[in-house]
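Here is a friendly walk through the structure shown below. Keep the viewer open as you read, and turn to each residue as it comes up.

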Amino acid sequence: QVQLAESGGGLVQVGASLRLSCAGSGRTFSNYTMGWFRQVPGLEREFVAAISRGVGRSTSYADSVKGRFTISRDNAKNAVYLQMNSLKPEDTAVYYCAADANAGLYFTQRRGSQYDFWGQGTQVTVSS
């Protein structure tokens with residue numbers, strides 16, 4: 001089992017950057033595929049990015065963030081990051097990190113229902 005805690009959210013202006021961090025507990029953090037999702041109140045949770053657990057770190061992004069966001073992980077620190085550049089008002093949401101214990105070694109899971117563990121979320125607000 002792993003516990004996750006996000007940080008790094010905040011209020012920024014259009015075009016700014018933010019780096020979200022997700023700290024994981026447990027000694028087996030490297031065994032999990034990690035993902036970032038976001039949710040606006042009243043709307044469905046949306047996939048943002050995922051990174052595999054295998055060497056080489058396969059990554060996957062939602063089309064809406066591709067080229068602007070970068071997911072990375074540091075297993076030695078039990079952490080996963082989401083670098084967000086060129087932020088837009090439509091990026092405003094609560095951002096959650098999640099861990100999938102069952103994905104294949106190089107698979108980047110995009111389905112939120114397949115993730116086993118979730119953090120509490122961090123608010124990102126992009127003001128125009």
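## Charged pairs

The structure holds four salt bridges. Please keep in mind that this is a predicted model. Side chains of opposite charge can pair when their charged atoms come close. Three of these contacts are set out here, with the separation of nitrogen and oxygen.

| R38 | E46 | 2.8 Å |

K66 and D63 are both exposed. Salt bridges with shared partners connect R38, E46, R68 and D91 into one network.

E46 is partly exposed, because its relative accessibility of 33% falls between the limits of 20% for buried and 50% for exposed.

## The four-stranded sheet

Next, find the open sheet of four strands, whose order is β1-β3-β8-β7 and whose pairing is antiparallel. Its edge strands are β1 (4–7) and β7 (69–74), each of which pairs on one side only. From one strand to the next, the twist averages 15 degrees. As background, strands of a sheet pair through backbone hydrogen bonds, either parallel or antiparallel.

β1 meets β3 in the antiparallel sense over four bridges, and here E6 has C22 in β3 as its bridge partner. Strand β3 (residues 18–24) is mostly covered, with five of its seven residues buried. On to the following pairing: β3 and β8 are antiparallel over six bridges, and R19 stands opposite Q83 in β8. Finally, β7 and strand β8 (residues 79–84) also pair in the antiparallel sense over six bridges. In that pairing, R73 has V80 in β8 as its bridge partner.

Which residues in the loop between β7 and β8 deserve a stop? One of them is N78, which has a positive phi of about 55 degrees although it is not a glycine. Most residues other than glycine have a negative phi, and most peptide bonds are trans. N78 is buried, with a relative accessible area of 17%. K77 is found in the loop between β7 and β8 as well, but K77 counts as exposed, at 59% relative accessibility. The C-alpha atoms of K77 and R53 are 14 Å apart, and the two residues are separated by 24 residues along the chain.

In the loop between β8 and β9 you will find S86. Its phi is near 50 degrees, a positive value in a residue other than glycine. S86 counts as partly exposed, with 42% relative accessibility.

## Aromatic rings

There are five aromatic pairs in the structure. One of them joins F37 and Y115 edge-to-face, with 5.2 Å centre to centre and 80 degrees between the planes. The arrangement counts as edge-to-face because the angle of 80 degrees is over the cut-off of 60. This pair links distant parts of the chain: F37 is in strand β4 (residues 33–39) and Y115 in the loop between β9 and β10, 78 residues apart.

## A nonpolar patch

To finish, turn to the surface. V55, L105 and Y106 form a nonpolar patch there, with about 330 Å² of accessible area together. Y106 is placed in the loop between β9 (93–100) and β10 (117–118). With a relative accessible area of 49%, Y106 is partly exposed.

Conventions
Residues are numbered from 1 along each chain as its sequence is written. This is a predicted model: local features need pLDDT of at least 70, side-chain atom pairs count only at pLDDT 80 or more; totals for chains, interfaces and linings use all residues. Side-chain values use heavy atoms; hydrogens and water are left out. Patches are made of residues with over 30% relative accessible area and no salt bridge: like charges are joined within 9 Å, nonpolar side chains (Val, Leu, Ile, Met, Phe, Trp, Tyr) within 5 Å. Accessible areas come from the Shrake-Rupley method with a 1.4 Å probe; for residues, only the protein chains shown count as cover. A salt bridge is a side-chain nitrogen of Lys or Arg within 4 Å of a carboxyl oxygen of Asp or Glu. Helices (H or I, at least four residues) and strands (E, at least two) are DSSP runs, numbered from the N terminus. Buried means under 20% relative accessible area, exposed over 50%, partly exposed in between (1.4 Å probe, protein chains only). Two strands pair if DSSP finds at least two bridges between them. Axes are lines fitted to C-alpha atoms, for helices over the stretch in contact, and angles run from 0 to 180 degrees between N-to-C directions. Rings of Phe, Tyr and Trp (its six-membered ring) pair if their centres lie within 6.5 Å; planes under 30 degrees apart count as stacked, over 60 as edge-to-face and the rest as tilted.
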